Structures are given as C-alpha cells and as structure tokens.
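My notes follow in the order I took them.

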Amino acid sequence: MERWNNRVAVVSGASEGIGEAIVRRLAAEGMKVVALARREAMLKKLEKELTEKKLYVRGHVCDVANDDQVQATFQWIEDNVGPVSVLVNNAGVFRVMPIPQLDVSTMRSIVDTNLTGLLETTIHGIRSMKKNKINDGHIFNINSVLGHRISFKGASLYTATKHAVTVLNETLKTELGDEKSKIRVTSVSPGLVKTTMAEQVIVDRPELDYLEPEDIVESLIFALAAPANVNISEITVEPV
C-alpha cells in the first residue's frame with residue numbers, strides 16, 4: 001500500500017456503511033480521501049472526526065446521478081485536493097418492491113444511482129486520470145452477489161442494475177486493456193452486509209448470516225495492494 005501514500009481516493013456513498021468504512025481505512029493507509037454523498041451533516045461529522053486524528057479526509061456533497069454535480073465535483077477535487085488515483089463507486093439504492101408495485105420515482109432512484117450514477121463518476125474519474133497522466137489508477141465498483149445470480153422476490157430491479165454493473169466492469173476493463181492502459185478495474189460483490197440499506201432484509205429474515213462493512217474493506221485493500229501488473233477483476237464476499 002506504500003505506493004498509494006498521499007494519493008487521492010474518491011469514494012461515493014461515503015456517509016455511512018461500506019462507503020464510510022472504506023473512507024476510514026484508505027485515510028488510515030495514508031491516502032487523501034474525498035468522501036462523496038448527499039447528506040452533508042454526516043459528511044461533515046466524518047471529516048471532523050478523521051481530521052482530528054490527523055487523517056486527510058474531505059467531505060463533498062454530490063448526487064452521483066446528477067452529471068453537472070459530478071463534473072463540478074471532479075473539477076473541485078483536481079483544483080483543491082489533486083488528481084484522482086483511486087475511485088470507489090459505492091453509492092447505491094436498494095428497495096424491496098415487486099415489479100408490479102414499482103412507481104416511476106422508485107425506478108428512477110434505483111437506476112439513476114446504481115447504474116447511471118456509477119457511469120457518471122467512472123467517466124469523469126477516468127478523464128481525470130488520463131488528463132493528469134495517472135497511468136496506474138484503480139476503479140472499484142461495489143457490486144453485489146445479486147449481480148451474478150437471479151434475485152429474490154422484490155429485488156428484481158436492484159438485481160438488474162447490479163447485473164449491468166457486472167457487464168460494465170468487464171467491458172471497461174477490456175476497453176482500457178485495448179488502449180494499453182494500466183488503469184485497473186475491480187468489481188467487489190458482497191453478500192448481505194449489515195448496513196442501513198439492508199435493514200429491510202435483515203428485519204424480515206433475522207435467520208440470515210451477514211457481513212460487516214469492514215469485511216468488504218479488507219477485500220478492496222487486497223485488490224488495491226496487489227502488484228501493479230495484477231488486476232483482481234472480481235471478488236465475491238459472502239458470510240460463512
């Protein structure tokens with residue numbers, strides 16, 4: 001991890017859960033971390049706590065589904081923190097709702113965040129890396145085990161977006177490879193993680209085993225710390 005010291009990492013969906021855990025660990029590893037989320041108060045609290053520990057964290061309000069905000073955010077990062085070396089696409093929306101009950105607002109929320117938002121940040125992240133000649137950057141897509149199998153009842157649209165993430169991860173890796181780029185791309189696919197987003201599942205099915213956010217961080221660090229000539233393309237993380 002020494003080669004990432006003082007380099008810039010951007011983490012979306014960073015106000016709690018997996019995203020917050022990733023921010024904490026990357027900052028502890030010596031990276032300059034920009035935490036993106038929509039909830040300003042939670043970002044400020046996280047930034048204050050970690051700054052008091054002499055870690056470099058900057059919270060920045062950004063809705064990943066809003067291209068204007070994403071574009072402005074990445075420009076702000078370059079101007080105020082530095083060029084992006086690591087991008088973690090973690091922002092996500094999860095709703096348990098059968099297809100016939102879906103309304104347009106819910107559909108757009110899920111697709112715009114899980115899929116369009118991931119594309120928005122990826123596009124601007126790669127542009128930042130290329131413009132600043134960050135040839136060894138790393139992009140992480142926090143996927144799901146549901147991106148590799150058929151969903152349980154009520155999670156069909158969420159599952160569809162995660163299947164799309166699986167395809168996009170492989171496509172992006174191939175495209176960058178065709179360009180002889182050394183930017184690495186990794187999909188991390190957790191099983192059930194104990195977060196606010198997953199509470200609706202855990203409450204209804206208390207017999208299920210689940211992971212903690214820190215368990216997912218360990219897998220991300222494993223891929224990030226791998227030799228620069230090694231791309232860990234996919235990691236699936238499930239509870240024992």
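I started with the sheet: seven strands form an open sheet with parallel pairing, in the order β3-β2-β1-β4-β5-β6-β7. Strands here are DSSP runs of E with at least two residues, helices are runs of H or I with at least four, and both are numbered from the N terminus. Two strands pair if DSSP finds at least two bridges between them. The model is predicted: local features need pLDDT of at least 70, side-chain atom pairs count only at pLDDT 80 or more, and totals for chains, interfaces and linings use all residues. Residues are numbered from 1 along each chain as its sequence is written, and side-chain values use heavy atoms, with hydrogens and water left out.

Axes are lines fitted to C-alpha atoms, for helices over the stretch in contact, and angles run from 0 to 180 degrees between N-to-C directions.

β6 (residues 184-190) is joined to β7 by four bridges, and proline 190 stands opposite valine 237. β2 (residues 32-37) is joined to β3 by five bridges, with valine 34 opposite arginine 58.

Which helices did I find on the sheet? Helix α4 (residues 104-131) lies across β4 (84-89) and β5 (138-142), at about 170° to β4. Helix α5 (residues 156-178) touches β5 and β6, and its direction makes about 160° with that of β6. Contact means heavy atoms within 4.5 Å.

α1 (residues 17-28) and α7 (residues 213-224) pack at about 50°, with axes 9 Å apart. Ala, Val, Leu, Ile, Met, Phe, Trp, Tyr, Cys and Pro count as nonpolar, Asp, Glu, Lys and Arg as charged, and the others, Gly among them, as polar.

α1 and α2 pack at about 20°, axes 11 Å apart. They are therefore roughly parallel to each other. Glu20, Val23 and Arg24 in α1 meet Leu46, Glu49 and Leu50 in α2. This contact has three nonpolar, no polar and three charged residues.

Note on methods:
Angles under 35 degrees count as roughly parallel, over 145 as roughly antiparallel, 65 to 115 as roughly perpendicular and the rest as oblique.
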